[in-house]
Amino acid sequence: MAEVSLRTIRKTYGSVTAVEEVSLDIARGELIVLLGPSGCGKSTTLRMVAGLETITSGTLLIGGRDVTSLEPKDRDIAMVFQNYALYPHKTIRANMTFGLKMRGVEPALAAERVEAAAEMLGITHLLDRKPRQLSGGQMQRVALGRALVRDPAVFLLDEPLSNLDAKLRVRMREEIALLQKRIGKAMIYVTHDQTEAMTLADRIVIMRDGRVQQIGAPLEVYDRPQNVFVAGFIGSPEMNLFQAEIAGGLVRLDGGATLPAPDGARDGRVVAGVRPEALELVDRGVPLSVRAVEQLGSQTLLVGGVGEMGMRVMLGRRDDIRAGATVHVSADPAAIHLFDPVTEERLPSASDAGDRSTRA
Amino acid sequence: MTRWMLPTFLAVGAIATLVLIVGPALYAVSLSFYHMTSLTSEPVFVGLAKYADVLSRAEFWNALVNGIVYAGVSIVLQVVLGIGFALILHQPFRGRALVRGLAFLPYLLPTVIAVLTFKWMVDGSLGIVTILMDDLGLPPIYWFETESAAMWSVILISVWLWTPFVTTTFLAALQTVPSQLYEAARVDGAGPVRRFFHVTLPVLRPILTVIILLRGVWMFNKFDVIWLTTGGGPIGATEHLPILSYRTAFALFDIGAGAAIATISFLFLSLAVFLYFRAFPMEDDA
């Protein structure tokens, strides 16, 4: 049985639809990441699960119980906020105890649980300090701890790492992943950072303009993006997308260059996508005039153009290519994604046979 | 910026302060050591005699107590009502901007107009309040004629005039409380009352400290409301130190005693402010 169940949940503000019929089942122990650009409705969806926004229509079940119109405190959830939202005048201990106190948990038991959570997060030495004496990373730990002591059915995290610097973000990301595996509870995690989503999620829910675009495991959405938006959003550097035409087993890019077409591709206009890392240097292929070479250490990124169209190619480290050079690139036909130019939906190809990802 | 600019700018401020504030204050204090029957008469040095005289008068202690009651009760009411209105005006509702504007209006009215309007409203024969109460069969209230009613009347007018100050400053402060704190408290299971006491009040404590301090000092020195309504009467029931000081100096022509009262009032207020800051430090002890 699903721990959390969203059934055709919608949110409208007057005539504006913020979230359009989201349906999603989350199992116990599963980490779901809601991913999308700002304004896509991911935070609103999370806040509806939390009970901080009313649900316009649809049903929300947590632990099999209909909680659609319950107050946040009655939903068996705990939440971690982007700005930590620690009570500034309370000590860390009091911050972590507050929710338990409000629920009438025995003080001795509450103290025990706070100690245990603090131990787990390595913040025991901070318990008697005030929030403003803490660094961002420490405050984030406390915010996690405050959620942890409550032992809820589901943890809700709203962009919890976006106020941290890059290095700390990576470390906290790992810690959250470990913590989540250890406590084995359902978790819904909102972010706009696709790397965070890829590394943390059991399943990613990609949203745009209030609509779910695709739900799937990280590699599923990476390998088989359901539409042009997902194709462009997942992956870094982002996928090369071209207006093209399929004819005679070839993908003819509008600039005139050709790539091999995947098996089973039908003739006609398409949007063709190929990831920078799927492209490789060949003797004869698409001529790419290199405009810039970005050295990333272990990899080399070529930024260039094919006629009018921009193209990025990610190679293993190469020290010998200079800006201004022309190289030839091509890709395995199975690595070429085709989309309908009108609907922007993925066109089925032979490599999609094992497709398990869910269509939105 | 030349090296002369800083001293020059500072000098302008320092001279203005000396001439307009420090000088007159010192002059006023110095007057309390002299016996004078008018500001033009020959002063006779009497040392601390005026202070001894003033402190031995029952009317001085009466005025001190009245001042504390007047300031204390009106501040409590202003703060409680002001915060209450601010919380209401913080909620979203139709026409909120208009109501917010109207709520500030009393603060803009000159005291004289507010007081005269109030006096007309409660006029013994023509006042709208008097007539309405009579129509409802209620006994008349002698607003300024009985001792307890007079104190409540001046407090009522003061609260009406200056609650908007508290409402407006507190409402502005409310905008600064991060909304995520309220959301965290909701998730933690705190209802509206607990959210107020666990989030709003602690976060806004420094601002509230200043609001209460400002209102306290202003109310303790407030002269015009009482002067324009009761003039300190009946039989000294609403007479506080500023009124007593004025009456002593300019109605009884004892300038020295009047100055002594004003000086004592100033010292008392300074002590009160000092103790207030000791009790409610502005810097949160971390």
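Q: Which residue is the bridge partner of A:V306 in β17(A)?
A: A:M309 is the partner of A:V306 in β17(A). The model is predicted, so local features need pLDDT of at least 70, side-chain atom pairs count only at pLDDT 80 or more, and totals for chains, interfaces and linings use all residues. Residues are numbered from 1 along each chain as its sequence is written, with chains lettered from A and ligands numbered from 1 in the order in which they are written.

Q: How many bridges are there between β16(A) and β17(A)?
A: Eight bridges pair β16(A) with β17 (residues 309-316) in the antiparallel sense. Strands are DSSP runs of E of at least two residues, and helices are runs of H or I of at least four, numbered from the N terminus; two strands pair if DSSP finds at least two bridges between them.

Q: What about the turn of that hairpin?
A: Two residues lie between β16(A) and β17(A), and A:G307 in the turn has a positive phi of about 60 degrees.

Q: And which residue stands opposite A:E294?
A: A:L301 in β16(A) does. Six bridges join β15 (residues 279-295) of chain A to β16 (residues 299-306) of chain A, antiparallel. In their hairpin, with three residues between the strands, A:G297 takes a positive phi near 105 degrees.

Q: Changing topic, how many residues of α4(A) are buried?
A: Ten of the 13 are buried, meaning that 20 or more other C-beta atoms, placed from the backbone, lie within 10 Å of the residue's own. Among them are A:M139, A:V142 and A:L148.

Q: Where do the buried residues pack?
A: The buried residues of α4(A) pack against elements of chain A including β6 (77-80), α2 (92-102) and α5 (166-183).

Note on methods. Buried ≥ 20, exposed ≤ 12 C-beta atoms within 10 Å, placed from the backbone. Contact = placed C-beta atoms within 7 Å.
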